[in-house]
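Reader: I would like to learn how to read the packing in a model such as this one. Please take one feature at a time.

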Amino acid sequence: MRLTWLLALSLSVCAQNPLNDPENPVAGDVAAIETGRKTFVNSCAACHGANGEGGRGPALKEGRVIRRSSDFQMFTTIRKGVAGTDMPGSNLPDDQLWQLVAFVRSLASPAAETPVSGDSVKGERVYAANGCSACHMISGRGGSLGPDLSNAGGMRSYDYLRESVVKPAERVSQGYAKVVVKMRDGRSLEGTARNYSNYDLQLQSRDGKLYLLNSSDIADATVSVQTYMPLDYGKKIARDDLINLLAFLSKQSARPVELKKNSDLQRRGR
Amino acid sequence: MLLPIVGLFVSLLHAQVPDKPVTFDDIKASPNADWLTYAGDYKGTRHSPLSRINAQNARNLVPKWTYHMDTSRKLEVSPIVYGGLMYVTNSNEIHALDARTGRRVWSYRDDRSEISRVNRGAAILGDRVFFVTGDCYLIALHRKTGAVLWTKKYAETKRGYFATLAPLVVKDRVLVGVGGGDTGNRGFLAAYSASTGEQLWQIYTIPGRGEPGSETWSEKLIDWGGADTWLSGTYDPELNLVYWTTGNPWPDFYGGDRRGDNLFACSVIAVNPDTGKMKWYFQFTPHDTHDWDAQGWPVLIDTTINGVMRKALLHANRNGFFYVVDRATGEFLRATPFVDKLDWATGVNAKGRPIEVPGKDPTPTGNKACPGVRGASNWMSPSYNPQTGLFYVVTLEQCDIYVSSAKEPEPMKNFAGGGGELIPTQPGKFYLRALDPKTGKRVWDYPMTGPGTMWAGTVSTAGGVVFFGDDDGHLVAVDAKDGRHLWHYNAGQAMFASPITYEVAGKQYVTIASQTDIVTFGLFEPAASVPVLPGLKKLQ
C-alpha cells in the first residue's frame, strides 16, 4: 500500500495545516476582523456576496474548502488567485491580506468552536418549551420533519443558526421544502421534498416514512418555497431566551467541542 | 374495481423505503435484491443470486445514472443497498441515494475531521448506518433521514491511527479496524455496540510485551509494529468466527530492527465476535520486508480439498501465493502461485511457511524482487461463483526494485524503512484471473492493457457474469465460465473500487465507483415519454 498511502498522505497534507507555513498574526483579532470586513466589502463582495453568501464566486460562509484550508493557504489563494476561474490575484499589502483571511475565517467557523453568550442549560428548556423536538432530532430523539440538529453547532456558524431560527424563510435547508402530492391512485402524501426533479421525487412524510416516487405515479405535486418551520419564532421567543437557545444549539456537536485559539475574541451573541 | 386499486397500492408500497429495520438474519441472507455489507455476503464471495442480467443479455447493458461527488478525488467505496436506498461514502462523508435514479436523499459530512482519507463504505443494522471518518470516529446515522444517532472516537490520531474501512456488523455489534501501519502504530480490531456505541472489546494484532508471540519481535518496535486492520473482514455465522487480515510490519522495508516473524502481521486472524478472543491465526509472510500486507479478502467456501470436504478460507495474497486454509482450525491446506512473476520463494512448505530464496530482501542500493510492492493482488475484491466453482481475482504481474533504509525508525514521521520502485522498462500488467480452489490451478486469464494503476475488484452473479473494472477505466462483463468478453463501458476515469449488483422493483442494476462518480447500469429499455412531475408548481 505504500504508493497509495504516500499519494494520499501528500494530498491530505496539502489539504490540512502544513507544518512550516506561517500563521496568521491577527487570527481571531476582533479589530482585524472588522478591518478585514471593510476590505472584503470593497474588494471581494461583488463576487462572494456582502456577507460571504456567494454569488458569481463561491459562498464563503459555509464550506469545507474554507474550513479545511490553513490560513496560509487562504492567504496564498487570495494573493495568487485561482487559475482557470474569475478569481484574480491581489496586490494588497500582507497585513491587509491577513486581516481579510481573519474575516473570511470568522464567517465559516462552526458555532461549536466559537464561544457564545447565553446559558445552554436554559437554552435546552427554551428548546423544549417551544416544541422544537417535534420536528428536529438531537442524538436520536425528536422528529424528522426538520433537519437533524445533533451536529448543528458542529457544522453551522452561529449566524446561520440565528438566521435559521429568526428568519427561517430565508434559510430553507436543502431537502426540507414542504411538499404535497396527490398520487394517481388518489392517495395523498405530504412531507418534505428531500429531493426532486422533473422525473422523480424523494418524499419524507410527517411520520418519517420515505417514498421514492416517479413522476408517472404522481397526479399533482406542490413544492413550497416554505418549510414547516414556524415563521414567528423571531418575535415569539424573548431575546434572552433566543440567546440561550442559540447557546444550546451551538453546543450540539458530533465531536467534542474544541474552542479555537484566540476565538474568545470572536464572542458572538452580544 | 378492486384489482386496479390493489395494483396501485402495491406500487406505492414498492415506492416506500421499508419500515422494517435490517436484522442480523437479513445480513446473513444478503445478497439478494439488497446488498447489505461491503462484500455483499458475510462469506466474502461477492456472488449475487440475481440473474435478470445474464451472459445472454449483458450486451444490452446501458448506463442508468451517474452520481457525481464533487468533493472526491478517488472513490474507493463499495456501496451498500437496502430497500431502494444506496449508501455511498467518501472521505468523511456519507450519502444516501435513490438507487433507481441516483438522486440524493440525504448526506452527512464531517468537515472537522483531522484527517482526509479515502473511505471504503458503510454498514447497516436496524435503522442505523455506520461509517468511519479519517480520524477514527465511528458514526451511526438514521438510515432514512441521516440524523446522527451517536458518534464514537475509537482511535487516537496522535498514536498514528487513521481509518478508511467499511465497518463490519456482526450480530448486535460493529467491528472496526485502523490504518496507519506504514508509519508506525499498533494495529487492533474493536467491537462497539450498534445501539449505543459502547466499546465491547478490543484486541491488538501485535502481542503485548511478554504475551505469546511477543518473542517474534525485537523489543524496540513491538509497540509500533503496525499489523493494521484497514480492510473489513468476513464472517462465518456457523463457526461464529470473524476472519480479518492484517497489514505489514513496520518499518515496511527494513527488518533489522524487528527480527523474528513479527506476529500477527501479514496474517489472517480468526476471532470470536462475542468475546474478541483470537481462536487461531495463520501468517502468510513471516518477517515481511516487501510491504506485502495480507489485507485482502478471506473468502469462505465449503469445497473438496485433496479429496476431503473442507470449510475452506481462500486468500490470494500479495506475496503471489493463493492459499487455502481450514477456517475452523487454521490448518494450512495448500498454497499455489497465482502469478508468474514470483521469485522470492520457491514454494510453501507443509506448514504453510514460504521457502524463501536468499538475497531477495530490499537493500540500500535496490534489489529486484517479484511480486512488486502493490502485490500479486491487493485489497480489491475477488469473488467466487459456486456454479462455476471458480474464484475470480484481479492480479498484477509486476516486479519492483526494493530499497531499504536502516535509518533510526521514528514512529509517525512518515518513515517506512525504504520503498518499492517501478522498473521503467517493465511496467506491471493486470489480469482478471479465474482460479479453481479445488486444485489451485488457473483456469482462464483476461488480460488488461492499461497503465497498471487501479484497485478495481469484481462481482459475480448467478446470471453467469463476472463484472470488474480494468485499468483503462472500463467496467467489463465477462462470461463466468470462460472469461469471454460480453460487454464493456468506458467510465472515463480510473477505478479504485469494486462493483456491486442489486435489484429495485424488479430491475437489476450494477454499480461501480469510478474516480469521482458512482455509475450505475441496467438493461436497455426504450425510453417512455413520462409526464414531468405533473402539475409541479412552486408557491412563491
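**Reading the cores, a helix pair and a buried tyrosine**

Author: The largest nonpolar core has 207 residues, and those with the most contacts inside it are Ala122(B), Ile124(B), Val174(B) and Val176(B). The model is a predicted one.

Reader: Which helix gives the largest share of this core?

Author: Helix α11 of chain A, residues 239–250, contributes 7 residues, the largest share. The core also takes at least three residues from each of domain 2 (120–171 + 229–266) and domain 3 (177–223) of chain A.

Reader: What does Val174(B) touch?

Author: Leaving out residues up to four places away in sequence, Val174(B) touches Ala123(B), Phe130(B), Leu138(B), Pro167(B), Val169(B), Ala191(B), Tyr192(B) and Ala194(B).

Reader: Turning to chain A, how many helices and strands does its secondary structure have?

Author: Chain A has 11 helices and 7 strands. Of its 270 residues, 39% are buried. The chain is divided into domain 1 (12–108), domain 2 (120–171 + 229–266) and domain 3 (177–223). The centres of domain 2 and domain 3 of chain A, taken over C-alpha atoms, are separated by 28 Å.

Reader: At what angle do α5 and α6 of chain A pack?

Author: Helix α5 (residues 71–80) and helix α6 (residues 94–108) of chain A pack at about 120°, and their axes are 10 Å apart. The crossing of α5(A) and α6(A) is right-handed.

Reader: Which residues meet there?

Author: From α5(A) come Asp71(A), Met74(A), Phe75(A), Ile78(A) and Arg79(A); they meet Leu97(A), Trp98(A), Leu100(A), Val101(A), Val104(A) and Arg105(A) of α6(A). The residues of this contact divide into 8 nonpolar, no polar and 3 charged.

Reader: Is Tyr402(B) buried or exposed?

Author: Tyr402(B) counts as buried because it has 25 C-beta neighbours inside 10 Å, where 20 or more are required. Tyr402(B) sits in strand β30 (residues 400–404) of chain B.

Reader: Which residues does Tyr402(B) touch?

Author: Not counting residues up to four places away in sequence, Tyr402(B) touches Phe253(B), His290(B), Pro362(B), Gly366(B), Asn367(B), Ala369(B), Gly418(B) and Gly420(B). Val348(B) is 54 residues from Tyr402(B) in sequence, and 22 Å away in space, C-alpha to C-alpha.

Terms used:
Residues are numbered from 1 along each chain as its sequence is written. Chains are lettered from A and ligands numbered from 1 in the order in which they are written. This is a predicted model: local features need pLDDT of at least 70, side-chain atom pairs count only at pLDDT 80 or more; totals for chains, interfaces and linings use all residues. A nonpolar core is a set of buried Ala, Val, Leu, Ile, Met, Phe, Trp, Tyr and Cys residues joined through C-beta atoms within 7 Å. A residue is buried if 20 or more other C-beta atoms lie within 10 Å of its own, exposed if 12 or fewer, and partly exposed in between; C-beta atoms are placed from the backbone. Helices (H or I, at least four residues) and strands (E, at least two) are DSSP runs, numbered from the N terminus. Domain bounds come from an automatic or database domain assignment. Two residues are in contact if their C-beta atoms, placed from the backbone, lie within 7 Å. Axes are lines fitted to C-alpha atoms, for helices over the stretch in contact, and angles run from 0 to 180 degrees between N-to-C directions. A crossing is left-handed if the near helix is turned anticlockwise from the far one by less than a right angle, and right-handed if clockwise. Ala, Val, Leu, Ile, Met, Phe, Trp, Tyr, Cys and Pro count as nonpolar, Asp, Glu, Lys and Arg as charged, and the others, Gly among them, as polar.
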